[in-house]
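Please open the structure in your viewer and keep the selection tool handy. We will take a short walk through it, one stop at a time.

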Amino acid sequence: MSYELLTVDTVPGYVAARPALARFGAVSRVREVGDGNLNLVFVAAAEHGGLVLKQALPYVRVDPTWPVTPERNGVEARALRVHNRVAPGLVPEIHDADPERHVIAIEDLSDHRVWRGALNEGLRHEGAAADLGRYVAKVAFGTSVFGLGAKGHKAALAGAANPELCEITEDLVFTEPYIRHEHNRILPANEADVAAYAGDPAVRAAVGAAKLAFMTHAEALIHGDLHTGSVLVRDEPRSAKAFDVEFAFYGPVGFDVGALWGNYVLAAARALVLGDDGHAAWVLAQAAETWRGFADEFTALWPDRADPRVIDLDRYLAQVYADAAPFAAAKAARRVIGFSRVSDIESLPEDLRARAVRAVLAGARLLLAGEPRGGEPKRLFDRVGQALAEAGR
């Protein structure tokens with residue numbers, strides 16, 4: 001390793017040595033909060049406010065023999081700056097970026113909580129889903145040909161390659177769940193469910209098409225990993241912010257919408273097997289809320305597009321919608337078959353977990369069946385809810 005990793009003890013000295021962080025003054029208290037696979041995360045209380053330091057590890061924490069480039073930290077810094085410009089208030093502010101030690105300093109959002117945990121507890125943060133739809137729309141417009149024009153888009157695309165993190169998604173989301181792989185962990189009670197799902201030629205064809213779209217549709221500087229564990233929420237004053245943008249790259253806008261939808265499916269499956277039908281229905285209704293936030297915001301931005309000729313708004317929105325459904329399926333299914341499980345499912349007792357996995361796969365299969373252009377998310381996710389309920393009994 002060519003750079004020094006931070007510790008709770010070394011953070012105060014590190015902050016003091018960074019000119020960009022001088023306005024925070026002396027750090028008096030530090031706690032490590034990161035529990036993910038890729039980064040160290042520290043919350044520091046300083047004389048003039050709090051800040052968060054996020055340092056990229058050069059390997060996957062659960063498997064130190066699996067190297068991952070720490071340069072992704074620079075990708076995250078650049079994406080955060082762009083997203084703050086086009087979608088202010090919907091991502092954390094960035095205070096500093098250190099390319100030598102692969103550290104970024106960002107806004108302290110300790111008064112927020114991770115949305116996945118709140119959903120697991122049956123809590124409802126009204127408005128968060130629509131805010132995230134607005135975030136996706138602002139980024140989709142502001143970083144695409146619509147906001148930048150053709151030359152600006154090509155220049156931005158050339159400077160935003162993120163091949164190593166994209167490969168992780170290509171492998172973990174679109175490939176490994178559909179082959180025999182050491183990362184896959186399947187309960188005995190779900191072996192037949194997974195075999196039926198992953199071996200279905202129609203499922204494999206749809207996932208393959210989604211993978212190709214992910215790899216080739218360079219529309220906008222999307223978040224790239226917009227699940228409910230990458231969202232912070234707060235009740236009062238109401239706030240929802242996307243974070244962990246290290247997977248950002250120029251990709252299909254429907255991938256960010258679909259990532260949220262897929263995670264609503266996971267949360268709903270959990271609620272259903274726990275007997276909380278009301279919370280499951282509320283969570284699935286957030287798919288329409290996200291879509292409404294996206295479509296309304298994108299439509300509001302449309303008159304300011306760089307080139308008002310030829311391209312039709314309704315056709316573009318219909319394409320994003322049609323893309324989002326198979327991406328949602330892939331994002332949900334990988335969490336119950338492959339690597340990097342989620343607490344929605346993993347914290348359930350084994351018998352309930354098996355039912356939830358079966359339900360998620362049923363919902364994914366329905367989403368992969370394809371959603372026609374001009375579809376309607378409420379109707380779609382009502383059908384997903386029925387599929388979850390029937391399969392999860």
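Select Trp302 to begin: this residue lies in the loop between helix H10 (277–301) and helix H11 (313–337). Helices here are DSSP runs of H or I of at least four residues, strands are E runs of at least two, and both are numbered from the N terminus. You are looking at a predicted model, in which local features need pLDDT of at least 70, side-chain atom pairs count only at pLDDT 80 or more, and totals for chains, interfaces and linings use all residues. Residues are numbered from 1 along each chain as its sequence is written, and side-chain values use heavy atoms, with hydrogens and water left out.

Is Trp302 buried or exposed? With a relative accessible area of 9%, Trp302 is buried (under 20%; exposed is over 50%, partly exposed in between, with a 1.4 Å probe and protein chains only). Now show what surrounds it. Beyond its neighbours within four places in sequence, Trp302 is in contact with Phe141, Phe146, Ile311, Asp312 and Leu313 (contact means heavy atoms within 4.5 Å). Phe141 is 161 residues away along the chain, yet the two C-alpha atoms are separated by 8.0 Å.

Next, colour helix H4 (residues 128–142) and helix H9 (residues 253–273), whose axes are 9 Å apart and pack at an angle of about 165°. Axes are lines fitted to C-alpha atoms over the stretch in contact, and angles run from 0 to 180 degrees between N-to-C directions. H4 and H9 are therefore roughly antiparallel (over 145 degrees; under 35 would be roughly parallel, 65 to 115 roughly perpendicular and the rest oblique).

For another helix pair, pick H7 and helix H13 (residues 350–368), whose axes come within 10 Å and cross at roughly 10°. That makes H7 roughly parallel to H13. On the H7 side look for Asp193, Val194, Ala196 and Tyr197, which meet Arg358, Leu361, Ala364, Arg365 and Leu368 in H13.

Last stop: His183, in the loop between helix H6 (163–172) and helix H7 (191–198). At 15% relative accessibility, His183 counts as buried. Which side chain makes a polar contact with that of His183? Select Glu176, at 2.8 Å (a polar contact is a pair of N or O atoms within 3.5 Å; within protein, one must be able to donate a hydrogen and the other to accept it, and residues adjacent in sequence count only if both atoms are side-chain atoms).
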